[in-house]
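Good morning, and thank you for joining this group meeting. Please look at the sequence and the model on the screen while I go through several of its features.

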Amino acid sequence: MAELFTVLRRECTYIWYYFEIQFRQICGYWILGMLIGSFISVFAKDKIHDIFARMKDKKWGLFGIIPACILGIVSPLCMYGTIPIAASFRRQGMREDWLAAFMMASILLNPQLIIYSAALGPTALAVRIISCFLGGLAAGLLVFLFFRNRDFFDFSGFEERASHDTHPNLFIRYLLNVWRNVKATGMYFFFGILLSAIFQRYVPSDLMSKVFGGNEAWGVLMAATVGVPLYACGGGTIPLLRQWLWEGMSMGSAAAFMITGPATKITNLGALKIVMGLRRFLLYLTFVMLFSLLAGILVNALMTL
């Protein structure tokens, strides 16, 4: 028994060592992401959505999916917050291809996640921003091509939820928003660091290179598939991705993971299933897997040039 206790204590010491290193390296990004994300949510969210709402009167045609993607990325709302907003836009006459681009980009990325992803390095950050932007463009383009004269979304029954940011004192409103961010992401962030510490201690360093490394489509497909069950919170996956990239994961595999993860997050899927119906929901899942695979293969190809 004493020997078992000694072994457990030693292993806990190793895991704590790796945990502490990871925490010190990326904690600043987590804090900064929450501070900036809350600032945008409290002080800029309504202006961003007003800009998008005014787009409905523009005669931009298909090119409107470009600003729609940009506004989707800078919008701080989660998908359950985005859908009621999108429903309101649709009732005002917004084009569905613009809505598809806005919603897809909003699913994949937001200002807070951009700051988190800076912990992965400039290359991974650029890959994430560009691939998510292109994902929004692709979604808008496909809706334009195949559902031009038909409704793609069914927003019946959705109403815009009341905002939590209602305190009359702006500073207190901001602090309350930061606290909600801490509660929403903190557990996943620390759990992600713990998982990365366990991977670092017990998973052979060459395994990540064998499974997710190289330029083979198989590694990209594996990363895209793993992203489906592992993704619960953007901040929580950053420690894992950081560790995997360090151990040999290819940038294309990381790109695929960063696309399928948020796109198939269980809360996002539940909301999308309601507004799409089964057939279009299955089309959405097919699109996500194919786009992530193609994006990963393309990133790997570009990285070898």
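This is a predicted model: local features need pLDDT of at least 70, side-chain atom pairs count only at pLDDT 80 or more; totals for chains, interfaces and linings use all residues.

**Helix packing, a pocket and a cavity**

The axes of α5 and α13 come within 14 Å of each other and cross at roughly 90 degrees. Axes here are lines fitted to C-alpha atoms, for helices over the stretch in contact, and angles run from 0 to 180 degrees between N-to-C directions. α5 and α13 are therefore roughly perpendicular to each other. On this scale, angles under 35 degrees count as roughly parallel, over 145 as roughly antiparallel, 65 to 115 as roughly perpendicular and the rest as oblique. From α5 the contact takes M103, M104 and I107, and from α13 it takes N268, L272, Y284, F287 and V288. By class, that contact has 7 nonpolar, 1 polar and no charged residues.

Residues are numbered from 1 along each chain as its sequence is written, and side-chain values use heavy atoms, with hydrogens and water left out. Helices (H or I, at least four residues) and strands (E, at least two) are DSSP runs numbered from the N terminus. Contact means heavy atoms within 4.5 Å. Ala, Val, Leu, Ile, Met, Phe, Trp, Tyr, Cys and Pro count as nonpolar, Asp, Glu, Lys and Arg as charged, and the others, Gly among them, as polar.

Helix α13 also meets α12, residues 251-263, where the axes come within 8 Å and cross at roughly 170 degrees. These two helices, α12 and α13, are therefore roughly antiparallel to each other. Among the residues in contact are A255, A256 and I259 in α12 and Y284, V288 and F291 in α13. The contact of α12 with α13 comprises 14 nonpolar, 7 polar and no charged residues.

On a 1 Å grid over the protein atoms alone, a cavity is a set of points where a 1.4 Å probe fits but cannot get out; a pocket is an open set with protein on both sides within 12 Å along at least five of seven lines; and lining residues have an atom within 4 Å of a point. Grid points are joined across faces, edges and corners, and a volume is the space filled by probe spheres set on the points.

The second largest pocket holds about 340 Å³ of space. Of its 18 lining residues, L142, F152, L283, Y284 and F287 lie nearest its centre. Two or more lining residues come from each of α5 (96-108), α7 (122-146) and α13 (266-303), and α13 gives the largest share, 7 residues. The lining divides into 16 nonpolar, 1 polar and 1 charged.

How many cavities of 30 Å³ or more are there? The count comes to 1, and the largest cavity has about 40 Å³ of space. Its lining consists of I26, Y29, W30, Y116, A119, F189, G235 and I238. The largest share of that lining, 3 residues, comes from α1.
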